[in-house]
Amino acid sequence: MAPSDATNSNPVRKDDAHAGTKDGETKSLTTSSFSSLSFLVALQLFSRLFTSILNQALFRLASPSVFGTAAIQFELVLSTILFLSREGVRGAILRSGGGEAKAGKVKGEEDDEQTIKARNLTFLPFYLGLPLALATSVGYVALASEEVLRQPRLHLAVALYAVAALVELASEPMHNMAMVQLKTHVRVRAEGLGITCKSLVTFGVLVYDERWGQGTLPLVAFALGQLVYSLVVFGYYAKMLGVPWLNSSERVTKGRISNFDFDKMLLKLSMTMTLQSVIKHFLTEGDKVVLSFFSPLQDQGGYAIAVNYGSLIARIVFQPIEETLRVFFSKLLAPAPSSNAKPPKAALVQASTALLSLLSTQVAFSFIVTIFGSAYIGILLPVLLPRRYLETSAPRILDAWVWYIPVLAVNGALEAFLASVAGTREVNRQSRWMVFFSIVYVSVTILFYRLGFGDVSLIYANILNLLARIAYCLAFASRYFHSADPTIRIPWKTIIPPLPFILSSLLSAWLVRISYRKLQVGRVLEEKQRLAVLLDWRVIAHVGVGGFLALGCLAVWWIVKGRGVIERFRKGKEE
């Protein structure tokens, strides 16, 4: 309908200008998102490879029991405090713009009341974390087994982890500022420096305790490392972005605003998402909960070291993608919580294309990971795992992780989309379904344990759990785009890799098995020890065959599908 305003002499030109501006904003957001993704991947690549090298030394200094306590039980305490305190607020802040200063503000002009109330919300995780840290720490010590309580300086280590969590929560206002303003390089440097210092401190205390101590500091070493990480991250954020705690109260025209005055709509959304976090946290950390109660500490250590290696790809690649998608979709699609306006069609097309492009790429690479990962993981096990960890459940866990990684990747991308655009009603609906997923997860885990699968039960149960969540997210995405604009189609079948790629992958799997048998790689693994395995010419030849075939599969995918996926994403066109 043409506008009735007589002063608007050229409405078509005005619309074109608006479309051009919107298109420019979308391109700028895409560019910024790619930049953020590259920074996050660089952070994870550096941190995980660096810590993996140090972990090789830590695994040999710390017994499986100590490592199981620190990496499973202490990490569960830490993640419980952090996740339940900040997850909901982070999601709400991304929707609002994080309380950013208003555009075009004159220097010296004060932010408006709504901006300050939104910014005040970034302090809420610390306030929530205070009682939660105390309750979680006391509850853990009260429920810990006798085997755990017998370890030296346990109470001190738990207290240090709780303090570390609070220090990390104190940096949340600065973290949210960096994420909303796409200053990803600040976060990368802060966390990268923190991880480096954490690893060095942990390693240093363990070495000191082994050579000059009385063997009473292993748990304290991990706790001190975590505390140092939190302090370094807070300190670097403070240096680069300032300390919001020092000037959290600001004057506005209508008077002084209390630090506890929050934007009501954002507060409601953050509380809803926080309540959902309780269920999501159990689903995310359910394996650690089950292990803490049902597995001996030595097997917990084996599980921890296996997950440490198994999650390298997930943390280096998938986690940065998920975090970048949250920012990308939140800025592109999600209106302010107080607004019912629907995103423009251009933004919806850009979002649907980005989601389909990513999922299509992830599914294709999943074929590569499962085919070649399952074929070659056995060669790496004697090198990656210290001898005493080979006797735990670690080897079987790593075998299962090869099949878990692809499902984890797809679920992460879809849940990032849902978390970015779902309203309060949809979040509540998802929470109810997650209760059902929790029941399924627990039931399947118990069933697999009784069938004798051991700790691998946790991986297989998680795969089924994530498949159910993927189905839910796909249904949500379809409803979302249809509701926003019925003309937008979401052809999910395009996610399936093309037939030439599937056939080349299956052929590669067959050729790898022939190579393994003809070169007698299994015999080499039985006769030779550790590094000698990798230096054997038959193993080198077998790895070369796999590398050549993997590159061939990637080339087929790129020619048949990959180039088109990238081109469509760049242009923001539908499949």
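Leaving aside neighbours within four places in sequence, with which residues is serine 171 in contact?

**View 1. Serine 171 in the loop between H6 and H7 of the predicted model.** In this predicted model, serine 171 is placed in the loop between H6 and helix H7 (172-180). Once its neighbours within four places in sequence are set aside, serine 171 is in contact with Val233, Phe234 and Tyr237. Serine 171 has a relative accessible area of 3% and is therefore buried, the cut-off being under 20%.

**View 2. The chain as a whole.** The chain holds 21 helices and two strands, and 53% of its 575 residues count as buried. Among contacts in the chain with a separation of 6 or more, 84% are accounted for by residues 24 or more positions apart. An unreviewed UniProt entry lists, under "transmembrane region", residues 123-142, 220-238, 355-381, 401-421, 433-452, 458-477, 498-516 and 539-560.

**View 3. Packing of helix H13 against helix H15.** Helix H13 (residues 345-384) and helix H15 (residues 394-421) pack with their axes 9 Å apart and at an angle of about 170 degrees, which means that H13 is roughly antiparallel to H15. Sorted by class, the contact of H13 with H15 comprises 18 nonpolar, five polar and one charged residues.

**View 4. Leucine 333 and its contacts.** Leucine 333 belongs to helix H12 (residues 312-333), and with a relative accessible area of 3% leucine 333 is buried. Not counting residues up to four places away in sequence, leucine 333 touches Pro343, Ala347, Leu348, Ala351, Phe417, Val421 and Tyr480. One of these pairs, leucine 333 and valine 421, is separated by 88 residues in sequence, whereas the distance in space is 6.7 Å from C-alpha to C-alpha.

View 5. The buried residues of H16 are Glu426, Val427, Gln430, Ser431, Met434, Phe437, Ser438, Tyr441, Val444, Thr445 and Phe448. After H16 comes glycine 452, whose phi is positive, near 90 degrees. Residues 433-452, listed by UniProt as a transmembrane region in an unreviewed entry, are 90% helix and 0% strand, with end C-alpha atoms 29 Å apart. Residues 458-477, from the list in that entry, are 100% helix and 0% strand, with end C-alpha atoms 28 Å apart.

View 6. Arginine 153, although it is not a glycine, has a positive phi of about 60 degrees, and arginine 153 lies in the loop between helix H5 (146-149) and helix H6 (154-170). At 46% relative accessibility, arginine 153 counts as partly exposed. Glutamine 520, a residue other than glycine, has a positive phi near 55 degrees, and glutamine 520 is located in the loop between helix H18 (499-518) and helix H19 (521-527). With a relative accessible area of 39%, glutamine 520 is partly exposed.

Notes
Residues are numbered from 1 along each chain as its sequence is written. This is a predicted model: local features need pLDDT of at least 70, side-chain atom pairs count only at pLDDT 80 or more; totals for chains, interfaces and linings use all residues. Side-chain values use heavy atoms; hydrogens and water are left out. Buried means under 20% relative accessible area, exposed over 50%, partly exposed in between (1.4 Å probe, protein chains only). Helices (H or I, at least four residues) and strands (E, at least two) are DSSP runs, numbered from the N terminus. Axes are lines fitted to C-alpha atoms, for helices over the stretch in contact, and angles run from 0 to 180 degrees between N-to-C directions. Angles under 35 degrees count as roughly parallel, over 145 as roughly antiparallel, 65 to 115 as roughly perpendicular and the rest as oblique. Ala, Val, Leu, Ile, Met, Phe, Trp, Tyr, Cys and Pro count as nonpolar, Asp, Glu, Lys and Arg as charged, and the others, Gly among them, as polar. UniProt positions are given in the numbering used here, feature names are shortened, and annotations may be inferred rather than shown by experiment. Contact means heavy atoms within 4.5 Å.
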